Amino acid sequence: CLKPVDEATTSGSVKIYPLPHLRVLKDLVADLTNFYEQHKSIQPYLRVSPKNQGKERELLQSPEDRKQLDGLYECILCACCSTSCPSYWWNGDREYLGPAVLLQAYRWIADSRDDYATERLSALVEEELKVYACHTIMNCTQTCPK
C-alpha cells in the first residue's frame, strides 16, 4: 500500500494475490463479510451515556488523553493483519475477532470520551476465544501497511 511498485521488485514483475484464507469472490476480491460483521459487533463508534447526551457541547479531550489514541485510529481495516494470523485462520469463523478488530475495540475502550469502556471490556471477555485465541505469533505486525 505504501511502496511504489518499481521499488517493490528487483526482477521486474510483481505477483499479486487475494487476501489469504478467505473465500475469493472474483479475481482479487475476497469475501470480507465475516470480518466486517466482527467489526460491527464491537460497536466501533463513540457511545455516550444518557446523562451526557442532552448537553449541547463538544466532548473534549485533553492532549494527554488524545495522545493515548495515537497508533490506534490509523487502521484502514484492510484485513492484512487478520488474514495473516494463524489464530484467525483457525478460529476467525468462530469467536476470535482477530488483530484488526481487537485493535479497533481497544481504540474505543481507550477513548476518554466514551462512557462504556467497562461494558466494552465485559463484552470482549464474555466468550473465551474473542480475545484469548491470540498466540502472539506476530504475523500481524509484519503485514500491516501502517
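These are my notebook entries on a predicted model.

**Ground rules.** I number residues from 1 along each chain as its sequence is written, and side-chain values use heavy atoms, with hydrogens and water left out. Since I am working from a prediction, local features need pLDDT of at least 70, side-chain atom pairs count only at pLDDT 80 or more, and totals for chains, interfaces and linings use all residues.

**Overall layout.** I looked up the secondary structure and found 10 helices and 2 strands. Helices (H or I, at least four residues) and strands (E, at least two) are DSSP runs, numbered from the N terminus. The order from the N terminus is α-β-β-α-α-α-α-α-α-α-α-α. I then boxed the C-alpha atoms along the principal axes and got roughly 60 × 35 × 30 Å.

The protein exposes about 9900 Å². Carbon and sulfur atoms supply 54% of that area. Areas come from the Shrake-Rupley method with a 1.4 Å probe; for residues, only the protein chains shown count as cover. Of the 146 residues, 32% are buried. I use buried for under 20% relative accessible area, exposed for over 50%, and partly exposed for in between (1.4 Å probe, protein chains only).

**Contacts.** I took contacts with a separation of 6 or more and asked what part comes from residues 24 or more positions apart. The value is 70%. Contact means heavy atoms within 4.5 Å.

**His39 and Pro44.** His39 is in helix H2 (residues 33-41). I note it as buried, because its relative accessibility is 12%. Beyond its neighbours within four places in sequence, His39 touches Pro44, Leu77, Val101 and Gln104. Pro44 sits in the loop between H2 and helix H3 (50-53). Its relative accessible area is 22%, so I list Pro44 as partly exposed.

**Nonpolar patch.** Val5, Val14, Ile16 and Leu28 make a nonpolar surface patch of about 390 Å². Patches are made of residues with over 30% relative accessible area and no salt bridge; like charges are joined within 9 Å, nonpolar side chains (Val, Leu, Ile, Met, Phe, Trp, Tyr) within 5 Å. Val14 is partly exposed, at 42% relative accessible area.

**Charges.** There are 17 positive and 20 negative charges, and their mean positions are 2 Å apart. Lys and Arg count as positive, Asp and Glu as negative; His and the chain ends are not counted. I place each charge at NZ of Lys, CZ of Arg, CG of Asp or CD of Glu.

**Salt bridges.** I found 7 salt bridges. The criterion is a side-chain nitrogen of Lys or Arg within 4 Å of a carboxyl oxygen of Asp or Glu. Arg23 and Asp31 pair at 2.9 Å, N to O. Arg23 is exposed, at 54% relative accessible area. Asp70 bridges to Lys67, with the closest N and O atoms 3.9 Å apart. Asp70 is partly exposed at 39%, and Lys67 is exposed at 60%. Arg66, Lys67 and Asp70 are linked in a network of salt bridges. Lys130 bridges to Glu126, with 3.7 Å between the closest N and O atoms. Lys130 is buried at 15% relative accessible area, whereas Glu126 is exposed at 55%.
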